[in-house]
Amino acid sequence: MGAPRGLAERLLRAVIRLAPGESTEWATAMLRELDFIEGDWEALFWALGSATVILRHAAGVWRGWFKGRTKEDVGMNSTGKKALGVGLGIFSALALIGCAFAMLRLYLFPGLGLYRLGWTVIVIPEVIFIVAAVVLWRKRGPVAAGILTMALVVGLHLAVHLTAH
Amino acid sequence: MKLRLSPQTVLVLDAFLEQPEGWMYGYDLSRVTGLKSGTLYPILIRMAERKLLETQWETMEAGRPPRHMYRFTPEGLRFARANMTSRARGGLDQVALGLVEG
């Protein structure tokens, strides 16, 4: 057995172990076909395509489970989901701001000389926030709203700071 | 509509129509249609979920692992034949239109 074929088989077996029960039959079917593919590289490409299919199928199953659970067990309605989305957006934005400040204040990368930039370092995360909000607006509206909220808060903070000093 | 008829799905339907009563294997279907596993299997899964396709594990001789096989259900066969007829009619219409325009 050539190395690509061995890799193909290991990859599919690993994916089968990860996949939920609903995806196992199809995953095993794709794995069995490997024995009938003549070329080693062809087998590897077959396995790569199959792994993608299995993971997408599994993602659909997991999404179904999650949706079912949130509706039945957690009882989260659409307002709850929106609040969760906004919270996620705020958290992501805070994480990015935290990283920017860590680089600036803690001198994590002294070679870059970021400390010389001062408050202008804020401009980069602000631009990222606005771009992310525009990109996410249609599909992930609440997350985009959360990011925009943080962009507004940081922008106001900067304005107040510059005015005061 | 029971199934979205992408060009790839039509290829798979046509491959099954070549031997409507017979079982086919995934890799053989891939070779006949020229579709990669990443394209072929989502179509097979959708067809099976919509009861257009039945699946079965082939029992082979001892020591060899079983292989998954697929064939049309009666409903799947009806769907594929109806689709083929409508495509043929569409093709004829286009030919007729071409003749009129020509």
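Helix axes in this tour are lines fitted to C-alpha atoms over the stretch in contact, and angles run from 0 to 180 degrees between N-to-C directions. Helices (H or I, at least four residues) and strands (E, at least two) are DSSP runs, numbered from the N terminus. The model is a predicted one: local features need pLDDT of at least 70, side-chain atom pairs count only at pLDDT 80 or more, and totals for chains, interfaces and linings use all residues. Residues are numbered from 1 along each chain as its sequence is written, and chains are lettered from A and ligands numbered from 1 in the order in which they are written.

**Two helices of chain B**

Please select α1 (residues 7–18) and α3 (residues 37–49) of chain B, which pack at an angle of about 70° with their axes 10 Å apart. α1(B) is therefore roughly perpendicular to α3(B), a term that covers angles of 65 to 115 degrees. Next, display B:Q8, B:T9 and B:V12 of α1(B), which meet B:T39, B:L40 and B:I43 of α3(B); contact requires C-beta atoms, placed from the backbone, within 7 Å.

Turn to the open sheet of three strands in chain B, where the order is β1-β3-β2 and the pairing is antiparallel. Strands pair if DSSP finds at least two bridges between them. At the edges are β1 (24–25) and β2 (53–58) of chain B, each pairing on one side only. Two bridges join β1(B) to β3 (residues 67–72) of chain B in the antiparallel sense; select B:M24 to find B:Y70 of β3(B) opposite.

**Where the chains meet**

**The nonpolar cores**

A nonpolar core is a set of buried Ala, Val, Leu, Ile, Met, Phe, Trp, Tyr and Cys residues joined through C-beta atoms within 7 Å, buried meaning that 20 or more other C-beta atoms lie within 10 Å of the residue's own. In the largest core, of 35 residues, select A:L12, A:A27, A:I54 and B:L44, which touch the most other members. α3(A) provides the largest share of this core, eight residues. Centre on A:A27, which touches A:L12, A:V15, A:I16, A:A19 and A:I54, not counting residues up to four places away in sequence. Finally, a second, separate core of 12 residues includes A:L136, A:V143, A:M150 and A:A151.

Conventions:
Angles under 35 degrees count as roughly parallel, over 145 as roughly antiparallel, 65 to 115 as roughly perpendicular and the rest as oblique. Two residues are in contact if their C-beta atoms, placed from the backbone, lie within 7 Å.
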